[in-house]
Structure formats: C-alpha cells, structure tokens
Amino acid sequence: MRALIAVSCAALTAAALAVAPSAFAADAITAQYRTSATGATTDQAEPWFKLVNSGTTTVPLSDVKIRYYFRGETPDVGYRFACSWAVRGCGNVIGTFGTLTGGTADRYLEVGFTAGAGTLAPGSDSGDLQLRFWRTNWGPITQSDDYSFRGDSTYSPWSKVTVHRGSALLWGTPPGGSPPTTTTTTSNPPNPNGPALFDDFSYTSSSDSRIGQRGWTVRSGGGGPGVPGAEWDPSRVTFPTVDGSKVMRLDSWNNGSAAKQTEMYHQRKFFEGTYAARVKFSDAPVFGPDGDHVVQTFFTITPLNAPMDPNYGEIDFEYLPNGGWGEPGNIMFETTWETYQADPWVADNIHNEQRISYAGWHDLVFQVGGGRVKYYIDGVLVADHGDRYYPETPMSINFNLWFISGGLQGSSTERAYQQEVDYVYFAKDRVLSPAQVRTAVQNYRASGVEHVDNV
C-alpha cells in the first residue's frame, strides 16, 4: 500500500502545475481525506485529514500547509474555523481562509501547524485532524459544488486537496484560476451559541427550588450501588464557597455498618458531544478512621431496562482512593459500558486505569463523537474506547460518592469522605479539546453566567 501511495503521489505531483524545487525533491506527502458531514448541504463542513509521509525525508509539520477548496455561499458573511480534535493537538493546528478567482473554486481553507505539532518521519502519518468550518451566520453550506468535497466517511488519498511545503506543491491538483490571495480570517473557537449545559452550582442548599427547575435531582431513599441498606441523604449534598467559588459538595458517612451516601444527577437528555467537570477528589476522610473502599465519580448513564439490555450505556470516571474490586490502593478507572446483568453478574465493558493518587482538583473531560469515547484528565488523553462500547441512547449526567459493598473497614467509629465539583459543562454535538472547554468555562464566568441549558 505504501508503494502504491508513493506511485500515485509521484504521478499526481508530476501532473500538477507547480513543480517542487530541488531542496524538497525527496519530499512526498499524501493527503488522505474523509468527512463526518456527508450531506449535499450542511450547517458546517467537516473536512478531516491525515497526512502520510511516503517520501524519504523527515518534514517539520510547521512547514506544511493543506488546502481544501470550496465555493462560497451567498450572501458572503465570512467563515469561521475550528479544530474539533487532532492527534498532534488542536492547539498546534491553525486554520485560515483565502480567495481564488477564475477557477472552479473561489475559496479555500488553509490548514497549517505550529512547531508544537512536531515532525512527519518517512513512513509515518500525522494521525487524525478532525476539522470543521461554518458561515458566521450559521446559514446552510452547499457542499455538492465544492471542488474538494467528497462524501466519503473513510480515509483514502484525495487529489483534490493539496499539500504544500513552502512554495512547493507536494500533492494534489489545485482547481486552477488565479493564484490565491493572502489568507485572511484567522481561526476561531467553536460556536459559543451552540447547545450547551453549564452549571456553576451557585445554589443555597439541596432544597433550593432552582435545582429541580434546572433538571437536577438530589437523590434520596435507598437502592444501589453501595452498602446494603444505605440511605441516599439529600441533606449531605451542600453548596459551600471554596477558594472564592461556589461548589457542590458530596459528603458520605458511615459507622462501619450503616451508611449515608450522596448523589446528584441531571435529566436524561445528553448524547454525543463533550462532557467536562472540575472535580476535587480526596484520599482520606474528613474525620474518623481511613480505609473504606469508597468510590468518587463523574459519569453518564442510560437505565438498564432488562439484563444485557443492548440500549444500556454508561461512561465513567471512578476514583477509588483506598482501592476496591481487587485493587489494593489508589486507582482511577475510565470505563465505557455496552451492558451488564446483575445476577449472575456479567459485565460487558472496556476500561483503562491509572494506579496513582488523584487527591485534589482535576479537570475531567470525555468526548463522545465519531464512534469513539475519549477520556482526558488535566488535558492528557488517558483512554480511547469505541466499537460496540459506543453509547446508543441519551444519558443522564451524574456525580455520586458511595461505599463498596463489603468494603467497610471494621471500626464502628463514625467517618465521612468528601468530593467537590466546581462546575459541569456539556457541549452538544461538538467534540472540543480540553483547552476549548477551559476557554468556554472562562467565558461563562467572565460574563457572570452561573447557569445555562439549551440542550
């Protein structure tokens, strides 16, 4: 396959109008293309790229430009660009727009890279570049007349996308017409007015009427998971000010036999998009003896309607500071569920784990899109799941703090553990990087917004 790509690349480059200077004679980079928006019209175009180095030299990606050619819409209101996800990091991807005249396209998106994107060695590829652009008025885009558009959802080489190093054309056939103008309209963050949930947890108590009005439930009564007979106690869900900011605090208690656990969850309406929360985990109780197998969480879930229900879904961050489930100490799990049955126990899931302490504040993000569920802790990708584990149905957003059945240490002395949540955020149908999430939250707070929900 690599030899075939190299031959195709050489043939197309020879046929192109631009000729590479001798300094770049050994360079050969193929543009593979797919799209996640395959319709003839769309509200945002989604060209995804993968660059493959089929040459013999290592190329700095900061030297490389990709051009995707299209025909502008009427009226001309301008375009905005966003990187949804990139293996090399969206912070290292730059998108600009330019114009052409006299050919089969009058616009192009030019994608470049910062030095932080690294290099492309012979035989390697750049990994996914999941990109998108839209009109500034969010009007419809007709893709069927766009030179570079092809409605394929799997990657393959595409010669109507061009790759350049400096003034050298390395791959593809431009649409003709006059030389491009200087690019204009720099890259922009995703549409801030897209459907989203943001909550800063600025409530007075668990009985604050705004909690229910905004779709939240503070759990009460009994039921699993946790210690048999445990009570879910709303009074132990509080909203103190910590370091100058309101937080939601879950405070769960036990005395070695009885237990009071805590949970707050949102209504079930969330599916594809980006989920985020800033969570403070604890390794030790706030009072009393340590050692209980306690679970501190941020997760989404679809109810199980029957054993092995194929429409069940669950996406978990679960931190066990004292271990449990056969683990002896600190462990964080990222688990994506297909389904399960309770009796006899059968679990159909996939997970990753980190056996380190996560005491303190951490930024948790998981992305659900394109058939993948990707988990980030403090901006670092820690798990990538998909295939049959990808969720099928809308889920609720949940936080809870509970004790594993059989995991209480023997003392009858009272003790309590705490977990705090600074904010929760969900961007519907948008795969945002952790940096983009951080910017969105900062913008809400800078504007004095404590809550929004238009999902």
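Before you start, note that the model is predicted, with local features needing pLDDT of at least 70, side-chain atom pairs counting only at pLDDT 80 or more, and totals for chains, interfaces and linings using all residues. Residues are numbered from 1 along each chain as its sequence is written, and side-chain values use heavy atoms, leaving out hydrogens and water.

**The sheet**

Select residues 64–70, strand E5, and residues 107–113, strand E8: five bridges pair them in the antiparallel sense. Strands here are DSSP runs of E, at least two residues long, numbered from the N terminus, and two of them pair if DSSP finds at least two bridges between them. Within this pair, arginine 67 stands opposite glutamate 110 in E8. Now widen the view to an open, antiparallel sheet of five strands in the order E7-E8-E5-E13-E14. Its edge strands, E7 (93–99) and E14 (168–171), each pair on one side only.

**The disulfide**

Next, select cysteine 83 and cysteine 90, which a disulfide joins with S to S 2.1 Å; the term covers a pair of cysteine sulfur atoms within 2.5 Å. A search of the whole structure finds one disulfide. The link is left-handed, with -70° about the S-S bond. Cysteine 83 has a relative accessible area of 5% and is buried, meaning under 20% relative accessible area with a 1.4 Å probe, protein chains only. Cysteine 90, at 13%, also counts as buried.

**The valine**

Finally, pick valine 294 in strand E24 (residues 294–302). Valine 294 is buried, at 0% relative accessible area. Beyond its neighbours within four places in sequence, its contacts (heavy atoms within 4.5 Å) include Tyr319, Trp402 and Tyr417.

Methods
Helix = DSSP H or I, 4+ residues; strand = E, 2+ residues; numbered from the N terminus. Buried < 20%, exposed > 50% of the residue type's maximum accessible area, 1.4 Å probe, protein only.
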